[in-house]
Amino acid sequence: MIERYFSQAKVLIRLRSGSVGPYLPRFVSALEQRRFSRDTIRRYIRGADSLCRWLDSQGVAVVDATQRHVERYVRQHTRLPDIHYAQGRLCKAALSVPFIATVLREQGILSGSVPVSKADAWLARFDNHLMRVHGLSPESRHNYLRYARRLIQSLQMSEPDWTTLNAQHIRDFVCSEAAKRKTGCCRLVITAIRALLRFLAAEGVLPPNLHRAVPVVREWRHASLPQHISTEELERVLQICRVLTAGRSGDACIILMMARLGMRAGEVRQLNLNDIDWIEGEIHVRAGKSRRERTLPLLEEVGKALSVYLREERPASAERSIFLTLLPPIVHWPRFGLCQGDG
């Protein structure tokens, strides 16, 4: 069965020789019943093989492995740096381990003898609901479960009693969690809690309309956009670009086009030599984000900066794009993230 997902002989031999080898047909069949894509099934097969090989290295038989062993395996993965998590975030391979363990446990391959709390049992059922009904990815389910776990903890009970959950408690919890996040990042909290409340209503432990108690956190449009720089700050940037350094005249030209003419970075990037009408003093901007072409005046300041760049700095090339890279291969700039003189 795994021949449908792996064709190389050495890969097939390695998978079949591992401790998970005898169980792969059942494991793959369970994944196919969930209608996962071919690439996802391949990734889960590799993840199951890695998990079982780690268990072998720990001297634990696959059929004797418990939830504690799975948690130890997840913890031994190196966390990736992320500004949203104090201890970093788990890699994709580690995030898929709990689901892999669940499938293996359903097939009777892993032991399920370790008792779990009622809170963990509810979270496991919620995770299964998100996967089966909504088809969420492991990363999305992880974020939903994170806020569901915090809501359970806010009840201050060792075992969750959903009858004590009321509209005021939900409102206070969502507002408290939203206050910890940036203005444009509050929607995940709201979506996760609404999904949990709808799931609990479907399970019959909560009233069907309690999800309406989740408040709407006001998010002003463009509130997360940075403020424009002042005239003095713009002059300081242009003064830096006037330093006789490779790439600075091109930087000055780009900045002037965006500051004086209001051109977008993508519009500046796609300019070519035919778009500049030196006789009429015009710049023809091709259709971009606005889906319409327009003509802008070629201001004297912009024209001088552009002529200096074209005469003294632009590499000789048959490429018609105005702004080219300074180092070979000479092509048009892929993006305007860094100044040309910086790399």
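# Reading helices and their packing

Q: Which residue follows helix 12, and is its phi positive or negative?
A: Gly262 comes after helix 12, and its phi is positive, near 70°. Helices (H or I, at least four residues) and strands (E, at least two) are DSSP runs, numbered from the N terminus. The model is predicted: local features need pLDDT of at least 70, side-chain atom pairs count only at pLDDT 80 or more, and totals for chains, interfaces and linings use all residues. Residues are numbered from 1 along each chain as its sequence is written, and side-chain values use heavy atoms, leaving out hydrogens and water.

Q: How many helices and strands does the protein chain have?
A: The protein chain has 14 helices and 3 strands. Of its 343 residues, 40% are buried, where buried means under 20% relative accessible area, exposed over 50% and partly exposed in between (1.4 Å probe, protein chains only). Contact means heavy atoms within 4.5 Å. Among the chain's contacts with a separation of 6 or more, 55% are between residues 24 or more positions apart.

Q: How far does helix 12 reach from its first C-alpha to its last?
A: The expected span of a helix is 1.5 Å times one less than its number of residues. Helix 12 (residues 248–261) has 14 residues and reaches 19 Å, close to the expected 20 Å.

Q: Is helix 12 mostly covered or mostly uncovered?
A: Helix 12 is mostly covered, with 11 of its 14 residues buried. Among these are Arg248, Asp251, Cys253, Ile254 and Leu261. The buried residues pack against helix 11 (231–241), helix 13 (265–269), strand 2 (282–285), strand 3 (294–297) and helix 14 (300–313). Ser249 is a residue of helix 12 and is buried, at 16% relative accessible area. Leaving out residues up to four places away in sequence, Ser249 touches Cys241, Val308, Tyr309 and Glu313.

Q: Which residues of helix 10 are buried?
A: An α-helix has 3.6 residues a turn, so residues three or four places apart point the same way. In helix 10, the buried residues are Val189, Ile190, Ala192, Ile193, Ala195, Leu196, Leu197, Phe199 and Leu200. They pack against helix 7 (118–134), helix 8 (138–154) and helix 9 (167–179). Helix 10 (residues 187–202) has 16 residues that should span 22 Å, and its end C-alpha atoms are 23 Å apart, which agrees. Just after helix 10, Gly204 has a positive phi of about 85°.

Q: At what angle do helix 8 and helix 10 pack?
A: Two packed helices are described by the angle between their axes and the distance between the axes. Axes are lines fitted to C-alpha atoms, for helices over the stretch in contact, and angles run from 0 to 180 degrees between N-to-C directions. Helix 8 and helix 10 pack at about 70°, with axes 9 Å apart. That makes helix 8 roughly perpendicular to helix 10, on a scale where under 35 degrees is roughly parallel, over 145 roughly antiparallel, 65 to 115 roughly perpendicular and the rest oblique. The contact includes Tyr144, Tyr147 and Leu151 of helix 8 and Val189, Ala192 and Leu196 of helix 10. By class, it has 10 nonpolar, 2 polar and 1 charged residues. Ala, Val, Leu, Ile, Met, Phe, Trp, Tyr, Cys and Pro count as nonpolar, Asp, Glu, Lys and Arg as charged, and the others, Gly among them, as polar.

Q: At what angle do the axes of helix 2 and helix 6 cross?
A: The axes of helix 2 (residues 24–33) and helix 6 (residues 97–106) cross at roughly 110° and come within 10 Å. Helix 2 and helix 6 are therefore roughly perpendicular. The contact is made by Phe27, Ala30 and Leu31 of helix 2 and Phe99, Ile100, Val103 and Leu104 of helix 6. It has 7 nonpolar, no polar and no charged residues.

Q: What covers the buried residues of helix 7?
A: The cover includes helix 6, helix 8 and helix 10. Buried residues in helix 7 include Trp122, Phe126, Asp127 and His129. Helix 7 has 17 residues and reaches 23 Å, close to the expected 24 Å.

Q: Where is Asp49?
A: Asp49 is in helix 3 (residues 38–57) and counts as buried at 2% relative accessibility. Not counting residues up to four places away in sequence, Asp49 touches Arg14, Leu15, Gly18 and Val20.
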